[in-house]
Amino acid sequence: MSSLQKYRKLFFSTFKLSACTFGGGFVIIPLMRKKFVEELGWIEEDEMLDLTAIAQSSPGAIAVNASILVGYHVAGLPGAMLTVLGTILPLITISIISMFYQAFRDNAIVNMAMAGMLCGVAAVICDVVINMAKTIFQKKRILPVIVMLGSFVAVRFFSVNIIII
């Protein structure tokens with residue numbers, strides 16, 4: 001595959017993922033994994049897990065952070081710039097459309113569609129958690145398991161919200 005074809009594939013892959021993803025960054029991560037790990041084979045499973053951890057711990061939107069890391073990993077600085085562009089163009093479009101949301105937010109069909117998307121988002125986030133946990137448990141390393149379980153307990157039982165901290 002030539003560099004131009006790789007750049008084109010990177011841009012359009014992230015553009016499609018971003019344009020068809022509802023629910024934020026945690027939803028785009030499993031889709032990126034499926035595309036770049038399973039379909040294209042450009043990234044290993046462990047590398048994607050590491051890139052996801054870095055994207056989550058970096059300031060900014062997780063979808064943009066993950067696209068920067070994936071693009072840079074696959075094609076260097078030009079790849080990172082293309083994947084960021086592919087990720088933010090749909091977000092900008094959606095932001096413009098959302099300005100007009102006030103006009104049709106009371107529409108029953110729109111409300112039902114949004115409720116349906118919410119269910120889909122919850123299912124995708126559960127899938128991410130299960131797949132990431134499965135990968136962590138398979139490695140049989142105690143520290144990541146303790147951190148994962150501790151995080152769950154902190155959020156579930158003590159209402160710790162990392163965004164506020």
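Modeller: Ser-13 is found in helix H1, where a helix is a DSSP run of H or I with at least four residues, a strand is a run of E with at least two, and numbering starts from the N terminus. The model is predicted, so local features need pLDDT of at least 70 and side-chain atom pairs pLDDT 80 or more, whereas totals for chains, interfaces and linings use all residues. Residues are numbered from 1 along each chain as its sequence is written, and side-chain values use heavy atoms, without hydrogens and water.

Ser-13 has a relative accessible area of 5% and is therefore buried (buried means under 20%, exposed over 50% and partly exposed in between, with a 1.4 Å probe and protein chains only). Residues up to four places away in sequence aside, Ser-13 touches Lys-35, Phe-36 and Leu-40; a contact means heavy atoms within 4.5 Å.

Of these partners, Phe-36 leads on to the largest nonpolar core. That core has 18 residues, and Phe-36 is listed with Met-32, Ile-43, Val-70 and Val-74 as having the most contacts inside it (such a core is a set of buried Ala, Val, Leu, Ile, Met, Phe, Trp, Tyr and Cys residues joined through side-chain atoms within 4.5 Å). Helices H1 (3–19), H2, H3 and H4 (62–98) each supply at least two residues of the core, and H4 provides the largest share, 6 residues. Met-32 illustrates the packing: beyond its neighbours within four places in sequence, Met-32 contacts Leu-17, Val-37, Met-48, Ala-66, Ser-67 and Val-70.

Next come the charged residues. A search of the whole structure finds 4 salt bridges, each being a side-chain nitrogen of Lys or Arg within 4 Å of a carboxyl oxygen of Asp or Glu. Side chains of opposite charge can pair when their charged atoms come close. Arg-33 pairs with Glu-38, the closest N and O atoms lying 2.9 Å apart, and Glu-38 is partly exposed at 47% relative accessible area. Arg-33 also pairs with Glu-45, again with 2.9 Å between the closest N and O atoms. This second pair links distant parts of the chain, with Arg-33 in helix H2 and Glu-45 in helix H3, 12 residues apart. Glu-45 is partly exposed, at 29% relative accessibility. A further bridge joins Asp-46 and Lys-139 at 3.4 Å, N to O; these residues stand 93 places apart, Asp-46 in helix H3 and Lys-139 in helix H6. Asp-46, at 39% relative accessibility, is partly exposed, as is Lys-139 at 36%. Through shared partners, Arg-33, Glu-38 and Glu-45 form one network of salt bridges.

Lys-140 lies in the loop between H6 and H7 and is exposed, with 75% relative accessibility. Lys-140 is not a glycine, yet it has a positive phi of about 55°. Most residues other than glycine have a negative phi, and most peptide bonds are trans. Ser-159, in the segment after H7, also has a positive phi of about 55° without being a glycine, and Ser-159 is exposed at 61% relative accessible area.
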